[in-house]
Amino acid sequence: MIIFDDGLGQLGPMTDLRASFEVRTGMHTTATRIAGCWPKALAGYWVPPRLADTVAERANAPVNMLPNEETVVCVNGRWAMPDANLKLALNEAAVEQASGHVVAAHFRRADAEYFLTTGQLHERTQVVKIGSRVLYRYPWDVIGLIKQTVPQDIMSQKLTGGKDAADIAQVVGSHPVVIAESARVYPNVVFDAENGPIIVHDRAVIRPGAILCGPCSIGEDSTVVDRALIKANTVIGPYCKVGGEIGATIFQGFSNKSHDGHLGDSWVGRWVNFGAGTTNSNLLNTYGEVTMRLDESGQRFRTGMTFLGSIIGDHVKLAILTRLMTGTAIGTGAMIACTKPPPTTVRRFAWITDDGSRSFRLEKLIETARTMMARRHVQMSEGYERLLRDLYAQSAAEPLHERA
């Protein structure tokens, strides 16, 4: 099996620095969810050329290399909830009817290479239509499905062993509460498992007075600070520090929101820092459908969502008391330090203050990124820096304001 990124998703800043299948869309990435459906079948990944080097640094299988096998099954890395019962004959492809995008296909090796390099099905391919929407296409698709993906991902794990939650915290409800043996849970913590399971991973820390409502997942080496409220359908990825009120939100990992403030129905990249008191809105005063743009000059989309907060790209920095309006999208590398709410669409590498909007200087951006990564004992690789610089150059081709 090859898991591929067809480049056809519009997932906003989440795919600026990673492939579509690397994005955390529940407790797991979609790649993990797909691989779990077909154990031992994964032979590699296929990504657009600009991502090949950095994905290869992280991948657990070869990238943009086909296995030496007679036939190959290609699976779209945006398949939200893969169906292990899908069976495809040779030269057969399952296609999402609404978008025309390939969900999965079974080819001989040469035809697989043709498809993966051109994005086109060979004329002899037999097409099977899938009538329902099964591929993530926009960020709100991810948020809209987390009520299904989060509990499913948790229940797909081995839920035995570890600490007995009832011995170390107050537990409400009958769903599983799994605490890794190496996790630390302080006094006066409440696990509310009335509406779904809760899992606390290796070396995570839950500080005194925190309340966690299932379904939710706290990633390895993450900390939930004192008196935090982690509401249902929330995933905190690894190496995060979170506090305040967080609900129906996915953190990719390595990000900080350790102070008071609300964050709801949102999707947060890596290496993001929320200043104290930063708060977002996830509901219009009219209770109407949220519309949003993913970039300044792009189309305004009808999301079909009543609750929709913020989509926040990697390396975004938000100063204290930042107020984010409903349906906000913040591009990779943006720095926001203004007393009024920023625009609902913030371009990549914007530097926004009360004096206006300019652009983050590239070298200052790289230096800031290195510093934050070093605080988590992560060294920026040459490939990652090159990808970040290329993304900056691509953004610089668009009209820019004076550099900050």
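## Helix α3

A helix here is a DSSP run of H or I with at least four residues, numbered from the N terminus. The model is predicted.

Helix α3 spans residues 109–118. Its buried residues are D111, A112, F115 and L116. These four cover an arc of only 130° around the axis, so they sit on the same side of α3. An α-helix has 3.6 residues a turn, so residues three or four places apart point the same way. A110 and T117 are exposed on the other side of α3.

The buried residues pack against four strands: β1 (2–4), β2 (44–46), β3 (71–76) and β5. G119 follows the helix and has a positive phi, near 75°.

R124 lies in the loop between α3 and β6 (126–130), and D111 in helix α3, so the pair ties together parts that are 13 residues apart in sequence. D111 counts as buried because its relative accessibility is 9%, under the 20% limit. R124 is partly exposed, with a relative accessible area of 44%.

## Nonpolar cores

The largest nonpolar core has 42 residues, and F21, V47 and W79 touch the most other members. Elements that each supply at least two of its residues are α1 (30–37), α2 (52–58), β5 (102–108), α6 (362–375) and α7 (382–396). The largest share, six residues, comes from α6. A second, separate core holds 41 residues, including A169, F191, A204 and L263.

Which residues does W79 touch, not counting those up to four places away in sequence? They are T30, I34, W38, L86, V103, A104, V134 and L135.

## The six-stranded sheet

Six strands form an open sheet with parallel pairing, in the order β8-β11-β14-β17-β20-β23. β8 (170–172) and β23 (262–264) stand at the edges with a single partner strand each, so one side of each has no neighbour in the sheet. Three bridges join β8 to β11 (residues 190–192). V172 has D192 in β11 as its bridge partner.

## Other salt bridges

The whole structure contains 16 salt bridges. One of them joins D314 and R18 at 2.8 Å, N to O. D314 lies in the loop between β29 (310–312) and β30 (317–318), and R18 in the loop between β1 and α1, 296 residues apart. Both D314 and R18 are buried.

D226 and R207 meet at 3.2 Å, N to O. D226 lies in the loop between β16 (223–224) and β17 (229–230), and R207 in the loop between β13 (205–206) and β14 (211–213), so the pair ties together parts that are 19 residues apart in sequence.

Key:
Residues are numbered from 1 along each chain as its sequence is written. This is a predicted model: local features need pLDDT of at least 70, side-chain atom pairs count only at pLDDT 80 or more; totals for chains, interfaces and linings use all residues. Side-chain values use heavy atoms; hydrogens and water are left out. Two strands pair if DSSP finds at least two bridges between them. A nonpolar core is a set of buried Ala, Val, Leu, Ile, Met, Phe, Trp, Tyr and Cys residues joined through side-chain atoms within 4.5 Å. Buried means under 20% relative accessible area, exposed over 50%, partly exposed in between (1.4 Å probe, protein chains only). Contact means heavy atoms within 4.5 Å. The arc is that of the directions from the helix axis to the C-beta atoms. A salt bridge is a side-chain nitrogen of Lys or Arg within 4 Å of a carboxyl oxygen of Asp or Glu.
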